[in-house]
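Welcome! Please take a moment with the sequence and the 3D view below, and then we can walk through a few places together.

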Amino acid sequence: YPDTNAKITLDAQSTDNANTDALEKYIDMKADVTINNLTLKKDGKIHPICLPFSVSTSDDTPLKGAVIYRLSGAKMKDHEFAFTFKQVNEVTPGIPCFYRFTETGTDVQNPVFKDVVIEEYYGLVAEKEYDASTWSADDEALELWGTFDSESIDEVNRELYFLMDGDGISLKPATLNAFGSYFYIASPTDEEGSSTVRSVSL
């Protein structure tokens with residue numbers, strides 16, 4: 001690696017491919033990456049995250065002291081989607097997951113991740129770790145996705161998105177910020193085309 005790290009600035013509110021364009025210039029290079037408009041919250045709650053590089057939670061990084069939860073399985077039984085997670089020690093490039101700091105404190109705004117390597121496969125979607133003996137076609141109806149671009153939500157589709165927080169569910173978000181993760185759940189219908197009510201458990 002060069003003696004001086006590349007300096008990369010990304011933006012969690014970018015609405016185009018600027019983040020991806022910035023990353024592609026530094027594949028397999030060590031870099032210091034600043035993510036503007038991203039806040040790592042130390043409020044004791046679970047928050048989504050998806051990064052284009054590895055970050056350990058035990059080193060001197062903005063995620064030091066956090067517990068990382070990675071999706072380990074997803075099943076649909078009757079009318080309930082069930083997601084299960086396992087604790088891991090680092091964020092893996094391109095793998096959507098969740099974090100929670102073990103101690104509350106001051107939030108980290110515009111975090112700077114030093115000495116990280118931009119991996120060539122940062123944009124790949126994580127392979128699901130299903131048990132082949134119990135997998136069914138219905139499992140394709142639920143996914144956990146990550147994104148490196150913020151996504152504006154137009155009026156036509158806004159009713160299809162839900163935001164969950166400690167106070168319940170908020171409808172009609174205007175934007176999903178980049179470097180986060182979200183659940184995709186296919187629209188459930190019966191044989192006659194009528195919608196089916198389903199629940200989700202984590």
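Leaving aside its neighbours within four places in sequence, which residues is N19 in contact with? They are L10, D11, S14, F148, D149, A178 and F179, where contact means heavy atoms within 4.5 Å. Before going on, note that this is a predicted model, in which local features need pLDDT of at least 70, side-chain atom pairs count only at pLDDT 80 or more, and totals for chains, interfaces and linings use all residues. Residues are numbered from 1 along each chain as its sequence is written, and side-chain values use heavy atoms, with hydrogens and water left out.

N19 belongs to helix 1, residues 18-24 (helices are DSSP runs of H or I with at least four residues, strands are runs of E with at least two, and both are numbered from the N terminus). With 2% relative accessibility, N19 is buried; buried means under 20% relative accessible area, with a 1.4 Å probe and protein chains only. The N19 side chain also reaches the backbone oxygen of D11 at 3.0 Å.

Now look at strand 1, residues 6-11, where you will find I8. I8 is buried too, at a relative accessible area of 3%. Among its contacts beyond four places in sequence are A22, Y26 and I118. The C-alpha atoms of I8 and Y26 are 8.7 Å apart, although 18 residues separate the two along the chain.

Strand 2 (residues 30-36) runs antiparallel to strand 11, joined by 4 bridges, and T34 stands opposite V112 in strand 11.

Definitions and conventions:
Buried means under 20% relative accessible area, exposed over 50%, partly exposed in between (1.4 Å probe, protein chains only). A polar contact is a pair of N or O atoms within 3.5 Å; within protein, one must be able to donate a hydrogen and the other to accept it, and residues adjacent in sequence count only if both atoms are side-chain atoms. Two strands pair if DSSP finds at least two bridges between them.
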